[in-house]
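Open the model in your viewer and keep the selection tool at hand. This tour goes stop by stop, telling you what to select and what is there.

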Amino acid sequence: EIYTQSSSAASDVYKRQEETRGVIGYLGDETDEKFAEGIREEASEQGYKVVTAKGDSNLITDCIDVLEQGADVIVVPLAGEEETQRVIEAAHDNDVDVVLKTTKGSEADYDKLVVQEGSVGGNAAAVCAVELLEGK
């Protein structure tokens with residue numbers, strides 16, 4: 001967070017400005033609230049913003065939604081293999097890396113994999129996203 005000072009005749013006014021290092025898109029639904037909370041907490045600590053899809057459509061539409069919101073990397077839950085692969089391809093076509101969330105194996109062409117659940121999994125997903133954004 002950065003605070004800037006502007007002068008006025010009556011008093012000094014401090015304005016808070018958000019500074020983010022990048023945007024992490026999360027395609028999961030809010031039924032896994034602890035995972036989503038874990039992503040938000042870790043991303044915020046690292047200086048990143050998290051955007052989520054509206055969630056009232058399919059995974060591909062959700063992917064387009066977070067890409068339009070400026071996601072630099074996305075976290076995707078494994079749906080069906082075909083649907084997940086199409087989402088990953090759409091992200092890669094837009095030069096956006098993908099962290100795949102699954103407790104199973106997958107043949108999808110993801111960039112990093114997270115197998116943990118809950119807030120620990122969300123933290124791990126955010127760490128993976130940051131590593132991808134920072135080229136690690």
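**Stop 1: Asp 95**

Select Asp 95, which counts as exposed because its relative accessibility is 73%. The model is predicted: local features need pLDDT of at least 70, side-chain atom pairs count only at pLDDT 80 or more, and totals for chains, interfaces and linings use all residues. Residues are numbered from 1 along each chain as its sequence is written, and side-chain values use heavy atoms, with hydrogens and water left out.

Asp 95 sits in the loop between helix H3 (81-93) and E6. Helices (H or I, at least four residues) and strands (E, at least two) are DSSP runs, numbered from the N terminus. Check the backbone of Asp 95 too. Its phi is near 55 degrees, a positive value in a residue other than glycine.

**Stop 2**

Now pick out Asp 109. Its loop runs between strand E6 (97-101) and strand E7 (112-114). Asp 109 counts as partly exposed, because its relative accessibility is 46%.

**Stop 3: the whole fold**

Zoom out and colour by secondary structure. There are four helices and seven strands. Along the sequence the pattern reads β-β-β-α-β-α-β-α-β-β-α. The protein has 136 residues, and 40% of them count as buried.

Show the surface next. The protein exposes about 7700 Å², and carbon and sulfur atoms supply 44% of it. Accessible areas come from the Shrake-Rupley method with a 1.4 Å probe; for residues, only the protein chains shown count as cover.

Contacts tell how the chain folds back. Contact means heavy atoms within 4.5 Å. Among contacts with a separation of 6 or more, 56% are between residues 24 or more positions apart.

**Stop 4**

Select Ala 91 in helix H3. Is Ala 91 buried or exposed? It is buried, because its relative accessible area is 0%. Leaving out residues up to four places away in sequence, Ala 91 touches Cys 63, Ile 74, Val 96 and Val 98. Draw a C-alpha to C-alpha distance from Ala 91 to Ile 74: the two are 7.8 Å apart in space and 17 residues apart in sequence.

Move to Asp 65, in helix H2 (residues 59-68). Asp 65 is buried too, because its relative accessible area is 11%. Its contacts, not counting residues up to four places away in sequence, are Thr 52, Ala 53 and Lys 54.

**Stop 4: salt bridges**

Side chains of opposite charge can pair when their charged atoms come close. How many salt bridges does the structure hold? It holds five. A salt bridge is a side-chain nitrogen of Lys or Arg within 4 Å of a carboxyl oxygen of Asp or Glu.

Show Lys 101 and Asp 32, whose side chains meet in a salt bridge at 2.6 Å, N to O. This pair links distant parts of the chain, 69 residues apart: Lys 101 is in strand E6, and Asp 32 is in the loop between strand E3 (23-26) and helix H1 (33-46). Lys 101 is buried because its relative accessible area is 11%. Asp 32 counts as buried at 17% relative accessibility.

Next, show Glu 131 and Lys 112. Their closest N and O atoms are 2.9 Å apart, in another salt bridge. Here helix H4 holds Glu 131 and strand E7 holds Lys 112, 19 residues apart, so the pair links distant parts of the chain. Glu 131 counts as partly exposed at 27% relative accessibility.

**Last stop: Gln 116**

Finish at Gln 116, in the loop between E7 and helix H4 (118-133). Gln 116 is partly exposed, because its relative accessibility is 36%. Beyond residues up to four places away in sequence, Gln 116 touches Phe 35, Gly 121 and Ala 124.

Conventions:
Buried < 20%, exposed > 50% of the residue type's maximum accessible area, 1.4 Å probe, protein only.
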